[in-house]
Amino acid sequence: VGTWLTYRSHLLWFGGDPNEALQAARSAWELGVSTRDLALQVRARFQEGLVFLTQDRADDCAAAMCDVLHYAKETPSGRYGINSSLFVTAQSYLARASADKGHFKKAEAALRLAREAARELREPFAHIFVLVGLGYVALRQGRAQRAATSLRKACSICGSADAPLMYPVAASYLAMALMKAGAFAEALTIAESAVSAAERTGFKAYQPLRLAILSDALWHVGRQKESAEQA
């Protein structure tokens, strides 16, 4: 039941229903508490943090990911998907939440740990999360060129490693970075591909943001009518 609840939470989040996703995650956490299953509690907190990030609740997301990173050390690896790859993902989300609050030293520290773990794992998926985290933090710091470099690498790995579900995330932030760097035509192409890729897979989490980025790109190339429609 715990596994079912965490999977249900993830699927609901992915499909754009954060309130139900949060309820499923909390049900999983309550079950973990009642059965004294720490691993289930850790996984449930991860799912909560994921929803909080989508809802722009940066403080709540950071607290959840800190719990995951702290208590995951006390749980057997492999249960409920708790492994080194989850460690990288949680650090990346912690970095993004910290950057949203302007806590850049904390964000950079999380990314250093994520990069070290990803280097040992040698998994393309882990490297994508690190690169997206690096790009996002650089964006928040106003370093558009640095952000674009990391995010372009992430998009490339998404294609070569057959990781299509991460492409809309990396591509939307890449489009944002390109606009800040003044490369509006390329930003539009990337923004369109991010929206289309998400639509093909039913990835509705963050889709409003991707549409807003597309609207912005259309406006910058002089296509105001289409920009307004997307907005």
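User: At what angle do helix α5 (residues 84–100) and helix α6 (residues 104–121) pack?
Analyst: Quick housekeeping: this is a predicted model, where local features need pLDDT of at least 70, side-chain atom pairs count only at pLDDT 80 or more, and totals for chains, interfaces and linings use all residues. Residues are numbered from 1 along each chain as its sequence is written, and side-chain values use heavy atoms, leaving out hydrogens and water. Helices here are DSSP runs (H or I, at least four residues) numbered from the N terminus, and axes are lines fitted to C-alpha atoms over the stretch in contact, with angles from 0 to 180 degrees between N-to-C directions. The α5 and α6 axes sit 8 Å apart, and the packing angle is about 160°.

User: So what does that make the orientation of α5 and α6, and what is the hand of the crossing?
Analyst: Angles over 145 degrees count as roughly antiparallel, so α5 and α6 are roughly antiparallel to each other. For hand, a crossing is left-handed if the near helix is turned anticlockwise from the far one by less than a right angle, and right-handed if clockwise. The crossing of α5 and α6 is left-handed.

User: How many residues of the contact of α5 with α6 are nonpolar?
Analyst: Contact means heavy atoms within 4.5 Å, and the residues making it include Phe87, Val88 and Leu94 of α5 and Ala107, Leu111 and Ala114 of α6. Ala, Val, Leu, Ile, Met, Phe, Trp, Tyr, Cys and Pro count as nonpolar, Asp, Glu, Lys and Arg as charged, and the others, Gly among them, as polar. Four residues of this contact are polar and one is charged, while the nonpolar count is 14.

User: How do α6 and α7 (124–140) lie to each other?
Analyst: Their axes come within 9 Å and cross at roughly 160°. That makes α6 and α7 roughly antiparallel.

User: How many charged residues are in the contact of α6 with α7?
Analyst: Arg115 and Arg119 in α6 are among the residues that meet α7, whose side includes Arg140. By class there are 10 nonpolar and two polar residues, and the charged ones number three.

User: And how far apart are the axes of α3 and helix α4 (residues 58–71)?
Analyst: α3 passes α4 in a left-handed crossing. The packing angle is about 155°, and the axes are apart by 8 Å.

User: Which helix gives the most to the lining of the largest pocket?
Analyst: On a 1 Å grid over the protein atoms alone, a pocket is an open set of points where a 1.4 Å probe fits, with protein on both sides within 12 Å along at least five of seven lines; lining residues have an atom within 4 Å of a point. The lining has 22 residues, with His10, Tyr93, Phe125, Phe129 and Met166 nearest the pocket's centre. α1 (2–14), α3 (38–54), α5 and α7 each supply at least two lining residues. With five residues, the top contributor is α5.

Conventions: Parallel < 35°, antiparallel > 145°, perpendicular 65-115°, else oblique.
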